[in-house]
Amino acid sequence: MIANEEQARDWLAGRPEMTPEAMERLEKLVAMLAEENERQNLVAAATIPMVWQRHIADSAQLLAHVPRETWNGTKGPWLDLGTGAGFPGLVIAAMRPGHEVLMVESRARRVEWLNRVIEELALPKAQVLGQRLEMVETRTVAVISARAFAPLDKLLKISLRFSTRDTIWLLPKGRSAGQELEALKASVREGFHVEQSLTDQDAGLIVGHLNPKGVKL
Ligand SMILES: C[S@@+](CC[C@H](N)C(=O)[O-])C[C@H]1O[C@@H](n2cnc3c(N)ncnc32)[C@H](O)[C@@H]1O
């Protein structure tokens, strides 16, 4: 379990994706976030002293659930829904800058912030789709992530059209992971399971696949 800032940084340093350049990008993101959070409420102020654990490692842990062959640039982009301050989308983009990461965010100030970070971190393959998810043009993607975006049943309904049966869904769900999964129809639930979060012993990540042709939500 990653229980503090030192453990978060040590864990990140040991990730296979980590390079000195990626660590530099994450350091820059953390510094920019602390500054911007004084101007707009991007993340809860109380989480700034725990930013490596609560936001950076919490986002980066999703990469451990994506086999390299699934997301190697050939099977489509990573789509992050409701990216907000940048989590997990910006962290994924900072650690895998050669891969396409699309971040959907509807609030104008957050869109401006995300674009500023993308430019500052020089992430040409990262892109912000600054509109409501409901307005985003349909395309299929390799990975769909969403942290603190919407209740699971609603989330699946509004984003099903981006999924193939190979798309990996990665949904950090905090303490409600098991309960939200249990509430789904058995035919939908069967493609998913709950993984323990590495950053919070009470939290779970819903991970799995959905067969968009075979389910009625
Ligand atoms: C609670 S925040 C979570 C932000 C980030 N994922 C995190 O975990 O720190 C949810 C974000 O989703 C955005 N959002 C909510 N509904 C949306 C929609 N339908 N389309 C696009 N963005 C949406 C909000 O503007 C907000 O920034």
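How many residues does helix 5 have, and how far does helix 5 reach from its first C-alpha to its last? Some notes on this predicted model, starting there.

1. Helix 5 covers residues 108-120, which makes 13 residues, and spans 18 Å from first C-alpha to last. That is close to the 18 Å expected at 1.5 Å a residue.

2. Now for the sides of that helix. Arg110, Trp113, Leu114, Val117 and Ile118 are the buried ones to look at in helix 5. They sit on the same side of helix 5 because their arc around the axis is only 135°. Turned away from that buried side is a face with the exposed residues Ala108, Glu112, Arg116 and Glu119.

3. What do the buried residues of helix 5 pack against? Their partners are helix 2 (20-36), helix 4, strand 2 (101-104) and strand 3 (126-129).

4. On to the annotation: an unreviewed UniProt entry puts a "binding site" feature at Gly82, Phe87, Leu133, Glu134 and Arg147.

5. Phe87 is in the loop between strand 1 (78-81) and helix 4 (89-95). Phe87 counts as buried because it has 26 C-beta neighbours inside 10 Å. Setting aside neighbours within four places in sequence, Phe87 contacts His55, Ser59 and Arg147.

6. Arg147 is in the loop between strand 4 (143-146) and helix 6 (152-159). Is Arg147 buried or exposed? Buried, since 22 other C-beta atoms lie within 10 Å. Not counting residues up to four places away in sequence, Arg147 touches Phe87, Pro88 and Pro172.

Technical notes. Residues numbered from 1 in each chain as written. Predicted model: local features only at pLDDT ≥ 70, side-chain atom pairs only at ≥ 80, totals over all residues. UniProt positions renumbered as here; feature names shortened; annotations may be inferred. Helix = DSSP H or I, 4+ residues; strand = E, 2+ residues; numbered from the N terminus. Buried ≥ 20, exposed ≤ 12 C-beta atoms within 10 Å, placed from the backbone. Contact = placed C-beta atoms within 7 Å. Expected span 1.5 Å × (residues − 1). Arc of directions from axis to C-beta.
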